[in-house]
Each structure stands twice: as C-alpha cells, then as structure tokens.
Amino acid sequence: MFIPRPYQTEAVVSLFDYFNHKTGNPLIGLPTGTGKSVIPPMFMSQAFSHFPNSKFLLCTHVKELISQNERALKRIWPTAPIGVCSSGLSRWEPYAPIVYAGVASVYKKYQQLGHVDLMFIDEAHLLAPNDNTMYQKLITGLRQINPNMKVIGLSATLFRMGQGMLTDGEDSMFTDVCYDKTSMEEFVSFIDNYYLSNLITPMTQNIIDVSDVRQLANDFNQKDLQRAVDKDSVIRESLTEACDVARNRKSWMVFGAGVDNCEHINTMLNDMGVPSTVVHSKMDSDERDRRLALFQSGTYRAVVSYGILTTGFDHPQVDCIVDLRPTTSVVLHIQKYGRGTRPYYHSNWSFDQLRDKEQRKQAMIAGGKENCLILDFAGNTARLGPINDPRVPKKRGKGTGEVPVKICPECDAYNHTTARFCDICGYEFIFRVKIKPKASEEIVIKRDEPDMHLFPVEHVTHQIHRKKKIPSLKVTYFTPEMRGFPVWLCFEHQGLARHKAHEWWRQHHGDDIPDSVDKAAEMFDQCRRAAKIKVKIPTKGYPEIMEYMF
C-alpha cells in the first residue's frame with residue numbers, strides 16, 4: 001500500500017488550490033531524491049474521480065525517466081489507464097487517457113495524442129523560452145487542438161542558465177511557483193528528517209586547472225575542457241587520492257569531461273584495482289543498459305559517465321561521487337550531486353514503518369549508507385556553491401553574486417557560509433562581524449539560517465476565533481517561562497490550510513478528523529500533549545513550530 005509523505009500530499013493539495021484560484025501554468029520544486037514522480041499520479045487519480053473524461057500527458061526527455069514515472073504511477077494506481085509513447089522503449093500508445101511520453105518521440109506526432117487537458121513536464125528546467133525547441137513545438141501543436149491546455153512543471157532546479165528563474169521573462173511558459181521545497185532551509189530539513197542522505201564534501205588535494213579553458217554562454221568549451229582534464233597526470237593524481245579517501249565506499253559514480261576522458265578514467269580505475277565500467281553516448285542503448293545493470297547489481301564498484309547519468313538514473317546505493325567534470329552550469333552541478341542524495345533504506349523496513357522519523361533513521365543506518373562522499377576534483381563547489389544554496393543564475397547582464405561556501409580550518413571541508421559546525425569534523429565556526437566597505441563603517445551581519453530551539457511545554461490552550469468568515473482554532477503552546485507559540489488550525493478552510501490542520505490532528509489524535517472547528521474544540525481534551533516543541537525562529541517574520549515531541 002502506497003502511503004505518501006506529508007510534503008507530497010501538500011504538493012498535490014497546492015496544485016488543486018492553485019487551479020481553484022488561478023489560471024496560469026504552475027511549477028513544483030522538490031530536491032532530487034524526494035519523490036517528485038508520485039506527484040502527477042496522485043493528482044491525476046484524484047482529478048479522474050471528478051473529471052473521468054480528462055486526458056493527461058506527462059513528458060520528459062529520457063526513456064529511463066519514463067520507465068521510473070510509469071512504475072511510480074502503477075504503484076499508486078495499479079489500474080490507471082496509461083499508455084506510453086517512446087521510441088527508446090519501443091512503445092506507441094497515444095490514445096490512452098494518460099500518456100507518458102518522450103518529447104522527442106511525440107513532438108512531431110502531437111495530432112495523434114488528440115485533445116490534452118493537462119500536461120506535466122518532468123525536469124522542467126529543460127524547457128527553454130524558444131519557439132524552436134521540441135517542447136515548445138509540442139505545446140504549440142497541442143494548444144492548436146485545445147487552447148485551454150494547462151502545463152505543470154516539476155524540477156529540482158526552478159531556474160535555467162541564461163534565463164534566471166523559470167517564471168522570468170515574457171516568453172516563459174510558467175507563470176507561478178505553487179510549491180517549493182528547494183531552499184537551503186527545506187533541503188536541510190529533508191536531511192534532518194532522513195528523507196535525504198547528507199552530502200559530505202572534503203576539500204581535495206588535487207583541483208583541475210581550468211584557467212586556460214574558454215567559456216561559452218552556459219558552460220566551458222567542451223573541447224578545451226577535455227584537453228585540460230584528459231591528461232594522464234591529472235587523472236592519475238585525482239584517482240589515486242579518490243582510491244585512498246573513498247576506500248570504504250561501495251558504490252561510486254564518476255563524472256568525466258568527455259567520451260575519451262571517460263574511457264581513460266575507466267581504464268585507470270580498473271588498473272588501480274577498482275572494478276569499473278563506462279557508459280556514454282557513443283555506445284548503443286542496449287549495451288548501456290547492460291553495463292548499468294551490472295553496476296547496480298554490484299558487479300562493478302564504479303560507473304564512469306559523460307552526459308548520461310545526470311538525470312533519470314535512480315540508484316540509491318550510490319555513496320561516493322567522484323567529480324572530474326568542471327562546469328559553470330549551476331543546474332548541471334545540482335543534478336550531478338543529486339545522484340547521491342537519494343536515501344537507501346534497508347529492505348527489512350516496510351513503507352508503513354518509514355512514515356516515522358526514527359524508523360527512517362534506523363533503516364538508513366541498516367542500509368549502510370548514512371551519507372554520500374563528494375570528491376570534487378573539478379572545483380565546482382567552490383565555483384558554484386553547495387547544491388542546497390547555489391549561486392542561482394540571473395538573466396544575462398545582471399551579474400552573479402557571491403558563492404556561499406566557507407572552508408573548515410581543521411579538515412578543509414566545504415560548508416555553507418551559515419553553518420555553525422563543520423559537516424565532517426564538527427569544528428565550531430566563529431562568526432565574525434563583516435564591515436561594509438563604506439566610510440560610515442556600517443556593520444552588516446548576514447545570518448540566513450534561522451535559529452532552531454527546543455522548548456519544554458508547560459501547558460497548552462485552545463480557543464475558537466470567529467472574527468473572519470471562516471472560523472479557526474488557535475492552539476497555543478506555553479513554555480515554563482510563559483512564552484507562547486500559537487498554531488492556527490483551519491478545519492473549514494480549503495487547500496493547504498485545511499491539509500495542515502489535518503496533519504496536526506493525525507499527530508495529536510488519529511484519523512478521526514473533525515469537519516468543523518466546533519467539533520475539534522469538543523474533542524480537544526482527547527488529544528495527546530506534546531512534551532517538547534522544536535521552534536524555528538527566523539531573523540524576519542514569526543516563529544513556527546516545526547516538530548512536536550510527545
């Protein structure tokens with residue numbers, strides 16, 4: 001039985017809430033590894049119950065993602081009326097009510113799809129604001145059939161090189177972000193709650209020199225880059241260090257700077273005693289699939305790739321990433337390292353057990369992957385920032401900004417600028433006052449990370465508020481010092497407000513959820529009492545209770 005995670009349910013609720021109030025094309029942002037693939041089937045299964053004659057299309061760019069998304073749909077909705085259109089999978093089923101497709105397979109044959117009511121685009125950052133792209137041609141064609149077709153985008157990166165945010169610009173397909181969990185704070189929360197594996201990034205002794213490599217609009221010149229990287233001394237020194245530092249890691253992904261470079265890396269790894277295989281665009285798909293299957297089965301310890309495995313490859317056991325591909329693309333940087341954030345839970349734990357944070361922790365420990373080691377010989381972390389708070393690209397001509405990293409003086413690990421303790425050695429950073437370079441000597445202290453505090457709960461009160469048209473229940477948690485932290489429960493509202501009230505009730509009472517504020521007040525004395533609360537206290541705005549401890 002599929003049990004969605006709270007944030008997955010919130011994402012689906014946010015979509016219905018969005019279309020109840022707006023008419024645009026929304027975006028959903030979730031980090032790699034958090035389960036974006038279940039959002040469309042959860043939404044479609046509910047939509048079909050109300051609109052059984054609808055037609056949905058989910059489009060992506062690689063066959064691996066189509067297969068993953070189809071498996072996710074059937075796990076949630078085994079009887080879903082799905083068809084697949086993909087030349088890579090040798091399937092052409094355009095007439096089904098739900099079609100999962102590769103954009104390259106359908107953009108010239110959109111008429112066979114017919115009337116589409118709603119289109120999902122997985123990896124939405126690949127949609128360029130250009131009339132000549134396959135996605136734009138497909139959307140234009142489908143809107144000739146149904147001018148009212150809506151487009152929903154899903155991505156771990158809600159921005160694009162040269163464009164900025166995906167909602168920027170008059171030609172942007174997407175109009176709004178209706179749900180976003182990709183911020184630094186949310187990313188850290190996923191790790192703390194054992195939905196994602198942590199990434200640890202020690203500073204490597206060897207860094208590839210790209211000072212003579214030309215830069216194009218969105219990345220390094222590929223020929224120049226491969227020449228800089230594909231030197232015997234560069235590869236040997238980097239891989240010798242990797243073999244030492246990652247000697248206890250079981251499953252490596254290695255990113256090279258070109259096809260020839262990947263072949264060179266693969267040969268050298270095998271010579272060093274690391275069983276390795278290589279996949280790239282010059283081999284046929286059947287051979288790539290065969291090699292990847294052997295890697296996933298454990299026959300090979302490492303897989304080396306260029307431009308193949310940055311999206312669409314799902315292998316949660318990956319516990320080491322060796323990066324030998326310098327880039328200036330923030331999107332590529334995030335996608336590469338996102339291969340290591342997927343948690344690997346031991347199979348002894350059921351899906352139902354994984355609803356509990358402590359169970360997820362124990363399942364992760366038993367699985368043998370508590371974190372993923374990043375060996376960044378390419379210098380990408382220093383160039384572009386950590387993947388949970390990178391230097392987001394602006395529109396061309398608007399500059400770049402600072403890269404948010406600092407280096408631990410004890411172990412040379414990369415950490416976010418706001419980190420208090422080093423991820424690897426636990427060193428406590430000393431925050432110093434930054435003097436703004438002006439004659440006034442104005443003191444500027446940048447603290448992006450909110451304070452998280454644990455408070456004991458002395459007592460709890462509840463009160464019905466009827467000042468607005470729709471009443472709500474105000475629950476206030478008081479500390480021994482009589483500091484109060486309120487929560488507003490909106491059982492009679494729509495959308496996310498009601499969903500959050502239901503989640504609170506399930507934690508404190510169970511599944512017998514009241515349908516009104518009055519009924520909730522009557523049943524309130526039956527609710528469990530939290531002994532402690534974890535509260536986020538931001539530099540701006542109001543405190544928010546993040547966790548209840550009973």
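The second largest cavity of this predicted model holds about 40 Å³ of space, a volume being the space filled by probe spheres set on grid points joined across faces, edges and corners. Here a cavity is a set of points, on a 1 Å grid over the protein atoms alone, where a 1.4 Å probe fits but cannot get out, and lining residues have an atom within 4 Å of a point. A search of the whole structure finds two cavities of 30 Å³ or more.

As the model is predicted, local features need pLDDT of at least 70 and side-chain atom pairs pLDDT 80 or more, whereas totals for chains, interfaces and linings use all residues. Residues are numbered from 1 along each chain as its sequence is written, and side-chain values use heavy atoms, without hydrogens and water.

Turning to the strands (DSSP runs of E, at least two residues, numbered from the N terminus), S15 (residues 320-323) has both faces covered. Cys 320 and Val 322 on one side, and Ile 321 and Asp 323 on the other, are all buried, that is, under 20% relative accessible area with a 1.4 Å probe, protein chains only. Strands count as paired if DSSP finds at least two bridges between them. S15 pairs in the parallel sense with S12 (residues 252-255) over four bridges, and Phe 255 stands opposite Asp 323. A parallel pairing over four bridges also joins S15 to S16 (residues 371-376), where Ile 374 stands opposite Ile 321.

Key:
Buried < 20%, exposed > 50% of the residue type's maximum accessible area, 1.4 Å probe, protein only. 1 Å grid on protein atoms, 1.4 Å probe; cavity = no way out; pocket = protein on both sides within 12 Å on 5 of 7 lines; lining within 4 Å.
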